[in-house]
Amino acid sequence: LMSVNLVDAQDPAYTPVPKVHADAVGRICVQDVNGRIKPVQTLATEVLRKISKKDTYDGQSATQVFLGMTFRPDHWQDVPVIWVRNEELRKKIGISGKYAAFTDFTSTGKNGDLLIKLESDQAIAFQTPESRRNAYQKEVLKTYDKLNLLIQIFNKQTLKIFPIQGDVNNAWSSGTEPDLAQITTAIDSLSALQLLVAYEVTMRKGWQENDWAGADNLIAQVNSYQREIANSIMPSAVAVEVEISYNNQRALNKLYRYYFLFGMLVLLIEIFFIVLSVRREKAHKIFRISATVCIGVLAIWHAYALGGRWYISGHAPWSNGYEALTFIAFMSVLAGLIFSKGSRLTVGASALLGGILLMTAHHSNYDPNISNLVPVLKSIWLNIHVAVITGSYGFLGLGAILGFITMMLHMFRSKRNVKSIDLSTLELTYITEMTITIGLIMAAIGTFLGGVWANESWGRYWGWDAKETWALVIVLWYAILLHLRFIPGMKSKFLFSVLAMWSYWTVLMTFFGVNYYLSGLHSYAKGDAPPFPMW
């Protein structure tokens, strides 16, 4: 580890950076590796979540931890902050718990060079095709990324808070880049490197004398300098506060638990009423209204989170796989609320589906961090085409889960509850038909709008791209499903429910299968292929 020892002084005893100072640093902006300008608090939060899967560590906020890692690597190299999931990897580095320190992965060579214990395993895992990597190899690659990130932090390479005045590429400097560090800034005519040294001096004084006034003053100057030099590309002060609030709330991460729990609870109680043919109208009415209100409040919170993400990023929050899943989850819950009067089970089913979709978004390889748009998505059609066609997946998904519930109710059918179950299945069948009809119309319109966008971007309306083909499969298949009732011998409500459930595989293939297994122009959300039988 070639640490940038900018200040040659004996290390004082380590104490956490004061929260007041950390909050002030968290509100200034930084440029990340992708060029996005965002609050330091966002960068710190992303770093800590990636390394330790936590929002805080030992009572310290993410920004406090990040500043400590940046300016006191001597302390944080020995802190067990790296989350290690794989048991084999834990044994390899010799730890018993789930967390390891940076020094657990390193050793010193004969010449005093830093050696990474996983270097050979990482090389083998990197050369192995993604579909053939075992759990240990996948964990090695993820851990190696964490170690590289920590090395960059320890070397102060991630804190790019100094905009370079007049730079045509809007580059920012951390003070450690050879080609940017010596460029003079507008703060007392100092270079970025000199400003970094000055800030580290004030930080050292804070640790030695518990006097953080100098550090506070310098950060205030950096904030003013950023607004003066790079205000045109920086988020506004309001946007910074909104983003910090969004990071602290983690609404989309919490919502899937609430959706799942409320959905399961409502479904179990409603099925209990139906199967046992319980008739307590007043109590049941109160429960149904309460359940609708609770899930409605969660949907409002969901909409607020999506709106906040839209405001922060400056573009519609359905531009990648993670955002699309969170939007589909919202549309599923919205569909359930729209049809909540038609059946007692609709709200619970939609909440359960919303929870499953959000859980999939967070327990997969999708990146939840806000990022800049890829060039081809910088179009008004992102707001129209993608919203309509992915929104249709929410309505079609509700139809699928209602079809599944209808099939379950048939399992409990008996002489005692035949009227109750028949009435409920009739209600569910009608609502399933309506939700699928709306989903089909949206899917068809979205497919046509996609053709218009394709003509603007690629000069043709239709090219039998994998995503285009499977979008057409959705439209054709669901059109067939809705017309089965006109065919003699296929008017069965049970058959309709079975097909409504299984038809959603066309949507899953379009959203997941195309991205993972098929190549094409619509591969923005492509990730590691999950283990799935190709047959």
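**Ground rules.** I worked on a predicted model, where local features need pLDDT of at least 70, side-chain atom pairs count only at pLDDT 80 or more, and totals for chains, interfaces and linings use all residues. Residues are numbered from 1 along each chain as its sequence is written, and side-chain values use heavy atoms, with hydrogens and water left out.

**Cysteines.** I looked for disulfides, meaning pairs of cysteine sulfur atoms within 2.5 Å. I found zero. I then looked up accessibility (buried is under 20% relative accessible area, exposed over 50%, partly exposed in between; 1.4 Å probe, protein chains only). Cys29 is buried at 0%. Cys294 is partly exposed at 33%.

**Helices.** I took helices as DSSP runs of H or I, at least four residues, numbered from the N terminus. The expected span is 1.5 Å times one less than the number of residues. Gly459 follows α16 with a positive phi, near 80°. Helix α11, residues 251–275, has 25 residues and reaches 35 Å between its first and last C-alpha, close to the expected 36 Å.

**Patch.** I searched for nonpolar patches (Val, Leu, Ile, Met, Phe, Trp or Tyr side chains joined within 5 Å, each residue with over 30% relative accessible area and no salt bridge). Phe260, Leu261, Met264, Leu268, Ile356 and Met359 form one of about 510 Å². Helices α11 and α14 (346–362) each give at least two residues. The largest share, four residues, is from α11. Leu268 sits in α11 and is exposed at 55%.

Key:
Patches are made of residues with over 30% relative accessible area and no salt bridge: like charges are joined within 9 Å, nonpolar side chains (Val, Leu, Ile, Met, Phe, Trp, Tyr) within 5 Å. Accessible areas come from the Shrake-Rupley method with a 1.4 Å probe; for residues, only the protein chains shown count as cover. A salt bridge is a side-chain nitrogen of Lys or Arg within 4 Å of a carboxyl oxygen of Asp or Glu.
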